[in-house]
Structures are given as structure tokens and as C-alpha cells.
Amino acid sequence: MKNEFINQINSYLPNVDYCSFRFVSKYTNVLSVTRNVLEPIEIIEDEGLMVTVIHNGGYGYSATSDLTREGILKATEEAKNWSAFTKGNLIHQPTPPADIINNGKYFTHEQDTWAKESNKDKVDYLYEINKALKSKPTISNWGASFRYNKIETLFTDTNGSKFRQNISYILPQLIACAEYKKEIQTRTYGGHAHARQIGYNFIKDSNLIDTATSIANDAIELSMAPNCPSKKCDALIAPDQMILQIHESIGHPLELDRILGDERNYAGSSFVNLDMFGKYKYGSEKLNISFNPEQESELASYNFDDDGTPAQKKYLIQNGLLKKPIGSFYSAQRAEQDYVACSRATSWNRPPIDRMGNINMEPGDTPLSEMIAAIEDGILLETNNSWSIDDYRNKFQFGCEKGTIIKDGEMRGVVKNPNYRGITKDFWHNLAMVGDESSYSILGTANCGKGEPNQTIFVGHATPSCLFKDIDVFGGE
Amino acid sequence: MREYFENITKELFKNIKSNELLIINFDAEESKFVRLNKGKIRQAGSVKQISMTLSLSTKDKRNLKSYVRLNGSFERDISTLIKTLNYLRRELPDLPKDPYMMFSTSVHSTEISSEKQSTSDEVILEHILNSATKLDLVGIFSSGSIYTGLANSLGQKNWHEDYSFSFDYSIYNKNNNAIKLNYSSKKWNKEDYDFILNKGIEKLAILSNPEKKITTGEYRVYLEPSALNEIIDMMAWGGFSYKSNKIGTSPLHLLNKKERKLNELISIDENIKDGLSANFNSDGFIKPEEISMIKKGEFRESLTSPRSSLEYSVVHNAASPSEYPCSIDMRAGSISDDKILETIDKGIYISNLWYLNFSDRNNGRMTGLTRFGCFLVENGKLTAPINTMRFDDSVYSMLGDNLIGLTSSRELLIDSGTYEERSTSSARLPGAIVNNFKMTL
């Protein structure tokens with residue numbers, strides 16, 4: 001069926017310098033039980049086609065959900081018209097790729113498929129989780145959900161390239177809020193961090209009943225806990241906060257389209273400029289960051305990006321030295337830089353732009369217990385709940401759900417509303433220890449927003465726990 | 001598009017059984033997007049998309065819905081939709097009853113349509129490109145029609161069709177300082193566009209003065225309507241939602257519980273009558289023209305969805321399931337535009353705030369950054385651009401005791417957001433002068 005479709009649309013490719021057809025079919029299923037009641041189930045079936053034309057010095061696209069022959073031909077004409085209109089008015093005349101992909105493929109490995117269990121069985125499991133979340137009377141709000149997304153992409157172009165990719169991911173989400181004397185504290189699992197390209201077995205293997213009990217107990221403890229103190233101290237940052245730190249203060253500033261100014265009206269620019277690659281010390285010697293689409297089961301693993309660029313692991317920062325931007329084939333042409341396969345679109349109805357894929361912190365050699373033991377005065381920060389950074393990706397402030405005071409190498413009780421702030425240029429130089437494989441976690445977030453027109457996309461981050469020195473932490477009111 | 005919607009819904013309702021209710025929500029857009037950088041085109045294209053959500057319910061309170069993307073061709077789409085309907089029908093018996101399911105049973109049909117303007121996108125874009133030849137201009141032009149429809153098997157039909165365009169952009173100087181501008185309307189007028197751009201160019205000239213670095217501390221500030229809108233937008237993250245206030249995840253739950261108050265100058269309505277969004281919700285209920293959410297600093301009425309009304313046994317006001325406002329209307333104050341700088345005297349003029357989030361949601365405390373066109377004010381005059389600063393302050397301070405006043409003029413800000421589809425949200429609000437505004441980084 002899919003081969004027939006790609007062969008069929010292939011025959012509609014126009015006689016221009018370059019044209020690609022990118023068909024995307026998305027299926028989404030969300031099951032949520034909130035306060036013991038099943039919410040309306042979400043089922044979304046979305047498909048359409050993006051036509052991109054590069055011709056005679058112009059560039060244009062047209063996206064349509066009309067997949068009839070007439071619809072596709074009409075969209076192709078529109079893309080050609082845009083290409084004619086933009087000739088002479090483009091900031092950069094793109095040169096199409098010359099390489100040919102012969103029937104490329106990528107499929108997420110789902111050990112157990114999403115459909116293996118019925119909706120009823122999944123909902124019953126969500127009821128069980130709800131029961132564990134509402135373990136005590138002071139839990140004021142609770143809920144659990146499973147999200148499944150499957151994205152199939154078929155690509156063909158006038159070079160003769162063809163590929164097919166099926167990416168599917170699962171995201172479990174749990175929430176527990178506890179109230180004590182009008183103070184409400186929330187603990188979650190999953191939401192910002194635990195999306196994976198993996199089968200339904202991930203849900204079953206994640207031990208969500210125990211997790212539910214644990215976050216409910218955390219929420220109750222936090223609602224009665226003191227505020228995080230204001231001071232400068234060591235910060236041991238857990239993987240479910242590290243991913244946000246990497247995302248906002250390494251991933252986004254290294255996006256080449258930001259450096260080239262495309263995002264200045266919306267998502268912002270970057271303190272990084274083109275002269276800094278190969279010379280700038282981004283952080284301490286312990287900082288090693290890779291663009292790694294090859295990491296098994298990570299959220300943004302794939303073989304090709306949405307321009308058809310073959311994907312492979314490359315280092316962006318090595319031993320603290322800035323090496324490469326997150327720049328696609330076309331952005332790299334503009335900036336005369338090396339590229340990575342990062343041209344991605346949220347769906348068929350948006351054009352690809354430079355995006356993070358999997359941006360990972362390579363593991364170090366320090367066990368978690370050694371990092372804790374090394375702290376005289378510090379705090380363990382877990383699970384992001386607030387993020388804010390300036391439009392040049394420098395001045396940041398992040399908040400976490402849970403803080404645990406560490407004194408003389410020992411955990412000494414939890415604090416609520418732990419926030420910390422800093423400046424990217426300084427922060428990564430304070431990286432003192434990087435956790436080993438034992439704390440290395442493969443995580444990912446499903447909602448990264450950027451672009452005009454706006455797009456959200458899923459990105460992966462794998463990271464161990466890390467220890468930073470001299471961090472400015474503080475609490476709430 | 002209307003005819004297609006009529007034909008396809010009529011055919012679907014022929015397939016409904018006597019114990020079933022079908023609600024069809026329809027969304028479509030035909031949009032053009034042209035992205036600019038440095039006054040040149042970065043990406044240009046069109047998007048045509050049509051979708052329907054079929055929501056099938058039975059009299060014993062079981063419900064299932066499915067969102068389907070469509071071609072726009074009756075023959076092809078009706079077969080897809082009938083398959084979807086049959087799938088919903090097969091799955092329904094296995095689902096538990098939904099105690100909070102509620103839909104409109106009184107038939108109330110409405111229709112709002114606006115005509116497409118006569119000026120072509122090409123003419124508009126030529127003018128924009130010509131105006132940008134000597135500017136470092138970056139942003140996006142979006143235009144086209146947005147269609148929203150609802151039909152149910154009880155006979156209700158609602159249709160909302162609107163054409164608009166938005167040019168959301170910024171102009172930069174050589175020091176990387178910028179002024180943010182927006183021209184959104186239903187009808188292009190090049191004089192209006194030129195007026196906005198020229199005002200922006202004048203402001204950009206002041207940004208060419210050497211930057212003054214300010215330090216952390218408390219400042220008297222003026223928040224332009226677009227900056228104040230960012231703060232109101234954060235308050236709306238559950239703040240006006242009945243459910244969020246009930247379960248305590250609202251940043252305004254202490255205001256809702258009358259534990260805290262805002263300044264008496266603060267009155268905020270949800271004003272559907274003068275907004276751009278459809279006046280019906282996805283369950284077929286017609287929204288009230290106005291809802292007073294905050295009046296004179298006190299919480300008045302939440303946005304309450306039909307689901308919340310059943311969960312908490314209260315009357316709903318046809319809010320969307322998210323209970324998020326889409327047409328904010330904030331009362332004006334008494335400070336005339338020509339008195340703004342004089343009232344600040346010494347402080348900071350903030351055109352825009354950016355990337356806000358909570359630092360203590362329970363207490364309505366938020367953080368964010370200055371962005372685009374922020375100036376030092378000395379002796380009642382704009383003197384120099386300032387460095388990017390982070391603020392961290394509570395809404396009960398900024399719009400409470402520390403609020404000096406609101407401007408007498410207001411701006412209509414049309415949301416230029418295009419996630420999934422072009423937004424129809426808007427906000428009409430004044431500017432605000434605030435004392436002791438806390439800059440922390």
C-alpha cells in the first residue's frame with residue numbers, strides 16, 4: 001500500500017530543478033484517567049503532503065491534506081508559483097542535495113505493540129495507578145495518562161531518492177498534588193522527560209504503581225517542607241532536570257538558524273556566533289555533547305531528516321570545546337559549516353527547520369554515591385517544573401519540583417520550590433563531575449516549540465546526573 | 001467550504017441511530033506563510049488543511065471521539081468518516097460511562113462570516129519587501145481564511161468564517177537591539193502599515209544610543225500592553241479555570257479563595273462579543289458575550305466547562321475544555337499616553353517581556369525577561385537602551401500594591417500564534433506603571 005502510494009505520487013513530480021514530496025501520516029492515541037474518571041479518549045488521525053520546489057533561483061512550498069491526484073498537482077503548482085515569486089528575494093538560494101537515497105528505511109522497534117493491549121486493559125491499569133496516587137486524604141489532585149504517537153514519513157524527490165520512516169513513541173504521565181494549609185505542591189512523572197521510542201512493554205516495565213506511590217508521598221512531604229534556602233552552593237542535578245538544562249542552554253543556542261538570525265522575531269537568537277566554532281570553550285573539560293540520532297530507543301532517533309539528509313552521530317562539544325552547530329544541510333550552506341541531519345518539521349503542514357534531534361551529554365566516570373559524598377554544602381535538584389531563558393540563551397532561571405539538602409555528603413531533608421539561576425557562558429564551566437553509566441538516563445521531551453509558522457517537535461536528551469559548583473539557588477515566597 | 005461542510009454533515013447524520021448523538025466539529029484553513037530575515041524571504045508557502053472531529057455518544061453516557069484529517073472531496077471523505085463512525089460505534093460498548101459528559105440539547109444555530117479582502121497577498125508582500133530593503137527586518141506574514149463549524153444530530157449548526165492577515169515582525173539595528181511590531185487586520189491599508197513601521201523606525205533610533213547596563217534591584221517600570229499581556233497570559237495558565245482553582249493548580253487560587261487581592265484598578269473580562277474566536281464551544285454550547293473574571297481586584301467568575309459543571313455541581317458558562325480565555329478584555333485606567341514618561345520619571349520603559357514561567361505558582365510569582373525595545377527613563381525621557389534583565393515578582397505585587405496606574409488607551413493584540421493552526425485569540429488591554437518591579441539577574 002505504502003509502496004504503491006509513493007510510486008503513484010512519484011509520477012506527479014514536476015519538471016523543475018528540484019522537487020520533493022514528503023507525505024506524513026500521524027496517529028495519536030491518549031488515554032487519561034483523572035481523579036478516578038476516564039477522560040474523553042483522544043484519537044487523532046492526520047495525514048497530508050508537503051511539496052517543496054527549488055527552481056531557477058527560487059524556493060517555495062505548499063502543503064495540503066487533499067491527497068487526490070488533483071490536490072497534489074494543485075499543491076505542486078502553488079509551490080512552483082511561490083518559487084517563481086521568491087526568485088531574487090531570497091536570503092539564500094538553496095542548492096539541492098546531489099546524493100541519492102535508495103529505498104531508505106527506519107522503524108522504531110516496538111517489542112510489544114501499542115495495539116497488543118485493548119483500550120479497556122490500558123484504562124484498567126490507569127485506574128490502578130490512580131488508586132496508588134490517591135493514597136492519602138491530603139492528595140488534592142491526581143491523574144495518569146498514556147500517550148502513543150506514530151509518525152510515518154514517505155519521501156521522494158526528483159533526484160530519485162526514496163525513503164520510509166516509522167517513528168513511534170510512548171509517554172506515560174502521572175501527577176499528584178498535595179495540599180497542606182493552603183500550600184499546594186505537585187510531583188509528576190513522565191511529562192517533561194520520559195518519552196521514548198519504545199513499545200508498550202515500556203509502560204509495563206516502568207513499575208508505575210510504585211512510582212505513583214512515591215510521587216504522592218513526595219507531594220505530601222513537599223507541601224509541609226520549608227522553602228529552598230537562598231544561597232550559593234553545589235547543585236547535583238538529576239537527569240530529569242539535566243535534560244532541560246542541556247535543551248535550553250546548549251541545544252537551542254547551537255541551532256544554526258538562530259545563529260543566522262531566522263528566529264530573532266520569535267524563538268530568539270544565540271550568544272554563539274559563527275567565529276566561535278572550533279575555538280570557544282563552552283564549558284569545563286568534562287563537557288561532552290553529541291548530536292546522536294543513533295541512540296537506540298531515544299526519542300529523536302532516525303536515519304534521515306526531513307530534507308533527506310542521512311543521519312549520524314557527531315560531537316557538538318568535546319572536552320568543553322565548541323565544535324559544530326546544530327545546522328541542517330541548507331543552513332550549513334548559508335554558514336559554510338559542517339551539517340548534521342537536523343532539518344525537521346512537526347508534520348506535513350510545516351516546512352523543516354533546524355531542530356535538535358537527540359542532544360546528549362556523554363557519560364563520565366563518577367558514580368552517583370561519589371558525587372553525593374563529595375558535597376559539603378549543596379542541593380539535589382529533581383524534575384523540572386519551570387523554565388525561562390533570555391532570547392540570546394544566556395540568563396536562565398529554572399525551577400524544580402523537589403530539592404533535597406545535602407550536607408557533608410549526606411541527604412538532610414526536602415525543600416519546596418527549589419529554583420536556580422545563572423548565565424550559560426559561566427554555568428557550564430562550573431561542571432565539576434559527570435555521572436557514570438549507572439545514572440545515565442535516556443529521556444526525551446515531546447513539546448519543543450520554535451519557528452514561524454510555529455511548530456512543536458519531540459527531541460531526545462540522554463544524560464547522567466551532574467555536579468555543578470557555586471550555583472545560585474533560592475526558594476518561593 | 002460551507003457547502004462541503006453542509007453536505008458532508010447531512011450525509012453523516014443519515015447514518016445515526018436513534019440512541020446515538022453525533023457532534024461534528026469542523027476546522028479548516030487556507031493559509032499563506034512568508035517568513036522573512038534581513039528583509040529577504042527565508043521560506044514561503046501555502047497550507048490547506050481540513051479536519052473533522054466526530055464525537056459519538058449514546059444515551060447511557062458513553063462517549064468516544066476521533067479527529068480525522070480530510071481531503072475536501074465529498075466522495076473520498078464521506079467513506080473515511082463513515083469508517084470512523086463505525087469504529088467509534090464498535091468501541092463504545094467497552095468503555096465506561098462518562099459521568100461528566102454533557103452536550104447542548106437546545107438547538108441554537110449561529111452563523112458569522114466575513115468576506116475576503118480584495119488586495120492580493122502578492123501586492124501586500126511586494127509593499128512589505130520594498131519597505132524592508134534598507135532594514136534588518138525579520139518576522140512572518142500570515143494570511144487567509146479560517147473556518148470553524150459545528151453540527152449535531154439534534155439539528156444545531158454553527159458556522160464561523162473569518163479572513164485576516166498578520167504581519168508580526170521586528171526591526172534590528174547594528175547593535176542587535178530591536179523593536180517588535182505587528183500589523184494585523186482584516187483589510188490591508190498600506191498607510192496603516194507605513195505608519196506602524198515608521199513609528200518603529202523612530203523608536204529604533206533611540207536604541208542606537210549607547211546601552212546602559214542596569215543592575216539587579218527594584219525599579220519603577222512602564223509595561224506596554226504587549227508586556228502586560230505576557231503577565232496576564234501567565235495568570236491565564238489555569239488562573240481563570242474553575243477546575244484549576246478547585247484542585248489548587250491555579251496561580252490565582254489564593255485570589256479565588258479571597259486570601260489575596262489585586263489592585264482595585266484590575267478588572268478583566270472574557271469578551272467573546274468583541275473578539276475573533278468562535279462563539280460556540282466544542283459541545284455545542286453558546287458562549288456568553290462577556291464574563292467578568294476579575295472585578296476591582298477581586299475574583300468574580302471562573303471559566304467553567306460543561307465537564308467541570310458536572311464534576312463540581314456548578315453552572316457552566318460554555319468554556320472550552322481547557323477553561324482558558326481566548327478574548328481577554330482588561331479595563332483601562334486614567335494615565336494618558338503623554339503622561340507615561342512623566343509618571344515613570346526615573347525607571348524603565350518595557351516594550352516586551354518574554355519567556356515567562358512560574359518561580360512559585362502557589363503564590364502567583366513569576367519570572368521572565370525584558371526583550372525588544374526596553375529603555376532607561378531619566379527625568380521623564382527615554383535616554384538609552386538597557387541590557388536584557390530578568391524579573392522575578394508576584395502578581396499580587398505587580399498588579400497589587402505596587403501598581404501605580406493603567407493607561408487610558410488600550411491596544412488590541414491579535415495572537416500571531418500558528419501552532420497546528422492559526423490562532424484566533426486576542427487581548428485588549430492598557431499599559432501599566434508598576435513600582436518596585438524586581439529585577440533579579
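## Where the two chains meet

Two residues count as being in contact if their C-beta atoms, placed from the backbone, lie within 7 Å. Keep in mind that this is a predicted model. With that cut-off, 63 residues of chain A and 69 residues of chain B take part in the contact. On the side of chain A that touches chain B, you'll find 20 nonpolar, 26 polar and 17 charged residues.

Strand β3(A) and strand β3 of chain B (residues 63–70) run parallel and are joined by two bridges.

## Two domains in chain A

Chain A is assigned two domains: domain 1 covers 2–223 and domain 2 covers 231–474. Taken over C-alpha atoms, the centres of these two domains of chain A are 22 Å apart. Where they touch, domain 1 of chain A puts in 41 residues and domain 2 of chain A puts in 32.

Which elements supply the domain 1 side of chain A? Those giving two or more residues include the strands β1 (18–34), β3 (42–55), β6 (139–157) and β7, along with the helix α5 (208–223). By residue type, this side of domain 1 splits into 19 nonpolar, 13 polar and nine charged.

## The largest nonpolar core

As a rule, nonpolar side chains in soluble globular proteins tend to be buried together. Here, the largest nonpolar core has 239 residues, and Leu49(A) and Ala235(A) are the ones that touch the most other members. Strand β7 of chain A (residues 162–180) gives the most to this core, with nine residues.

What does Ala235(A) touch, leaving aside residues up to four places away in sequence? Its partners are Gly378(A), Ile379(A), Leu381(A), Tyr420(A), Phe468(A), Ile471(A) and Val473(A).

## Chain B on its own

Chain B has ten helices and 18 strands. Its radius of gyration is 24 Å, close to the 22 Å that the globule rule gives for 441 residues, so chain B is as compact as a globular protein of that length. Along its principal axes, the C-alpha trace of chain B spans about 75 × 55 × 30 Å.

Buried residues make up 51% of the 441 residues in chain B. Looking at contacts in chain B with a separation of 6 or more, 69% are between residues 24 or more positions apart.

Note on methods:
Residues are numbered from 1 along each chain as its sequence is written. Chains are lettered from A and ligands numbered from 1 in the order in which they are written. This is a predicted model: local features need pLDDT of at least 70, side-chain atom pairs count only at pLDDT 80 or more; totals for chains, interfaces and linings use all residues. Helices (H or I, at least four residues) and strands (E, at least two) are DSSP runs, numbered from the N terminus. The radius of gyration is taken over C-alpha atoms; the globule rule is 2.2 Å times the number of residues to the power 0.38. A residue is buried if 20 or more other C-beta atoms lie within 10 Å of its own, exposed if 12 or fewer, and partly exposed in between; C-beta atoms are placed from the backbone. A nonpolar core is a set of buried Ala, Val, Leu, Ile, Met, Phe, Trp, Tyr and Cys residues joined through C-beta atoms within 7 Å. Domain bounds come from an automatic or database domain assignment. Ala, Val, Leu, Ile, Met, Phe, Trp, Tyr, Cys and Pro count as nonpolar, Asp, Glu, Lys and Arg as charged, and the others, Gly among them, as polar. Two strands pair if DSSP finds at least two bridges between them.
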